[in-house]
Amino acid sequence: MKKLIMQTKVLEKKSRYRIVRILVICLCLALIAGCGKTSSKKTTEEGSDYVDVSELSRQNSDIFAWIRIPEAGIDYPVLQRGDGDDSFYQTHDYLGKEDPKGAIYIEAANLNDMCDFNEVLHGSSPSDGTMFAPLCKFLDQEFFDEHRYIYVYMKGNALIYYTFAAYLREDTRLLEQYDFSYASGCQQFLDEIYSRSMSKIVREGWENQVQPDNFIITLSTVDPSSGKQLVVVGCLVGDVAGKIDRYVDYGDPDDF
């Protein structure tokens, strides 16, 4: 059977995902370098940035992570509204100030420890090319093939996701359409990803390889040209602190 990524292995009992070891070492070094620093975002002497999420959360307690896709120019804090208002960051920036471009955010239905099966990050696609507008680049096969990693920095942890799909779909609320609390709901979304379509890009060798016991991230925006939902999906392959875990319920949701 094909592995999710070549030269990977299954971790110990609390790690049900595959990991690229050399990347994890690099992330560990970056995370250690950033520990205890007081600025929210600085450039090291070597020129690589690190993010102090703890410092950022002092500016706004809704900030719980930072997402970075360097080649796409995506480099933003990630928020979850404390009062459960999922619409707030559609029209406010990361400091809570009114801004039509909004901010990058997750819904109240997602866990902000990134331990859900599918963490859905929302962002707008403004005409100036900021926020999640660069996600459209992943619909180009060549760009998709060459750019594989999504980095997420959290308090005391850093995660790597490996992009394995990008496509346009009907603009629905994923967390409402699929019940990700059950393995069956997770599989239904995976089936959507792998269903045949000329408009879908799925990384070669990854067909039907991601399972309900993996962890995925879905970056979501509305494509201005079509009005459809544009999603870029990645699978967790690196967890520096080893904190990402969950119980996978293989029961039948109709039993309750």
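Start with isoleucine 63, which is buried at a relative accessible area of 1%. Here buried means under 20% relative accessible area, exposed means over 50%, and partly exposed is in between, with a 1.4 Å probe and protein chains only. Before going further, a word on what you're looking at: this is a predicted model, where local features need pLDDT of at least 70, side-chain atom pairs count only at pLDDT 80 or more, and totals for chains, interfaces and linings use all residues. Residues are numbered from 1 along each chain as its sequence is written, and side-chain values use heavy atoms, with hydrogens and water left out.

Isoleucine 63 sits in strand S5 (residues 63-69); helices (H or I, at least four residues) and strands (E, at least two) are DSSP runs, numbered from the N terminus. What does isoleucine 63 contact, leaving aside its neighbours within four places in sequence? The list is Leu56, Ser57, Pro77, Val78, Leu79 and Tyr94, where contact means heavy atoms within 4.5 Å. Look also for isoleucine 104: it is 41 residues away from isoleucine 63 in sequence, with 9.8 Å between the two C-alpha atoms.

Now move to alanine 108, in the loop between strand S7 (104-105) and strand S8 (118-122). Alanine 108 is partly exposed, with a relative accessible area of 43%. Not counting residues up to four places away in sequence, alanine 108 touches Gln80, Gly84 and Asp86. Its C-alpha is 8.1 Å from that of glycine 82, 26 residues apart along the chain.

On a 1 Å grid over the protein atoms alone, a cavity is a set of points where a 1.4 Å probe fits but cannot get out, while a pocket is an open set with protein on both sides within 12 Å along at least five of seven lines; lining residues have an atom within 4 Å of a point. Grid points are joined across faces, edges and corners, and a volume is the space filled by probe spheres set on the points.

The largest pocket holds about 320 Å³. Its lining has 19 residues, and the closest to the pocket centre are Gln90, Tyr105, His122, Gly123 and Val222. Strand S12 (residues 216-222) gives the most to this lining, with three residues.

Most residues other than glycine have a negative phi. Methionine 131, though not a glycine, has a positive phi of about 55°; it lies in the loop between S8 and helix H3 (141-146) and counts as buried at 8% relative accessibility. Asparagine 208 has a positive phi too, near 60°, in the loop between strand S11 (201-202) and S12.

Finally, zoom out. The protein chain has five helices and 13 strands, and buried residues make up 51% of its 256 residues. Among contacts between residues at least 6 apart in sequence, 61% join residues at least 24 apart. The structure holds zero disulfides, a disulfide being a pair of cysteine sulfur atoms within 2.5 Å. Cysteine 115 is buried at 9% relative accessible area, whereas cysteine 136 is partly exposed at 41%.
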